[in-house]
Amino acid sequence: MYSDIYKLIKEFDKIVIARHVGVDPDAMASTMALKDSILLTFPEKKVLTVGSGSNKFTYLGKLDKLEDTIDTLLIVLDTPDIRRIDGVNIADFKKVVKIDHHPFVEDFGGIEHIDDKASSASELVLELIRDTPLLMDKNIASKIYLGIVSDTNRFMFNNSTSKTFLQVAKMIKDYDLEIDKLYESLYLRPLNEVKLEGYIGLNLEVTENGVAYIKLTKNLLDEFKVDAASPGNMINNFNYINEVLVWAFFTEDVKNDNIRVSVRSRGPVINTALVKYNGGGHKYASGARIKTMEESDQVIKDLDILCKNYKESGEQLEN
Ligand code: AMP
């Protein structure tokens, strides 16, 4: 599969790389690393990375403006469904490649490389480079490292396999990665976010069956001087709480006129429950968008039932 993808990369002079809306470090790192690797290997090609950016991730590279798409190859990373591709219409491209680690949702009509056991889209880019003549350097390896670290929550999620560790260890050795500096670029944050995290810890509500949740209104975000993307950056820090199996943040996003729902689980599979709310994602790390804060009560009820069923099924004891 990787050799077929490489053949297309070699064949096309113009390549656009896209990823999902609501950019996160893995989406950004994987697209930038792939772009850098293609340009390092084929400096004469035109390679653009597109989609809406975030000031937070400028250390990973600069996004480009989409130009004409005639005779252009589109590579979509980290995105299982067409509706969540950011900034491009797949019908405008001559050929489409999807490289993704989410559970399969729909075919994009081209080459599909899906490995939902992979830790991250960045790990798949690492494999693509490893298994083809595409080149790597320290800059590319650093980006890939950051994408993997971010999507595995510092190798704490069960998507970190022995394969992930082996590949990362080799990359650290081969490219002499300075991981302390890399962690700083990924995790350094304003004091306001830390204060908001403290507020969330103090104000989390927990349902009977172990769903912790918080509703974060625009007024509250303003009070802490943070934006609607900030709570999502800290949701992984609420893992490993005795009383909590599933936790959800509901954040008012005035700019997009919706409520961002971010959910994590350390037991029940949650992505299937969120499909009903215009959402999806991974088994234990999922998101959704709802229209009003009132709808969040129904989401909480659904998640609570999931937790109840999970406890009653005895799966908890097996894990
Ligand atoms: P987040 O909580 O936003 O970090 O998202 C966790 C996971 O769920 C990521 O893999 C996202 O791509 C996915 N996700 C978030 N929002 C949605 C949505 N509205 N629809 C489908 N998947 C989503």
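The centres of domain 1 and domain 2, taken over C-alpha atoms, are 27 Å apart. Domain 1 covers 2–186 and domain 2 covers 191–318; these bounds come from an automatic or database domain assignment. This is a predicted model, where local features need pLDDT of at least 70, side-chain atom pairs count only at pLDDT 80 or more, and totals for chains, interfaces and linings use all residues. Residues are numbered from 1 along each chain as its sequence is written, and side-chain values use heavy atoms, leaving out hydrogens and water.

- Domain 1 gives 10 residues to the contact (heavy atoms within 4.5 Å), and domain 2 gives 13.
- About 890 Å² is buried between the domains, meaning accessible area (1.4 Å probe) lost on being put together, summed over both.
- Carbon and sulfur atoms give 42% of that area.
- K56, R83 and F157 lose the most area on the domain 1 side, together 40% of what that side buries.

**The salt bridge**
- The domains share 1 salt bridge (a side-chain nitrogen of Lys or Arg within 4 Å of a carboxyl oxygen of Asp or Glu).
- The side chains of K56 and E193 form a salt bridge at 2.9 Å, N to O.

**Inside the fold**
- The largest nonpolar core has 47 residues. Such a core is a set of buried (under 20% relative accessible area, 1.4 Å probe, protein chains only) Ala, Val, Leu, Ile, Met, Phe, Trp, Tyr and Cys residues joined through side-chain atoms within 4.5 Å.
- Another core, of 20 residues, lies apart from it and includes F250 and V299.

Note on methods:
Buried area = accessible area lost by both parts, 1.4 Å probe. Buried < 20%, exposed > 50% of the residue type's maximum accessible area, 1.4 Å probe, protein only.
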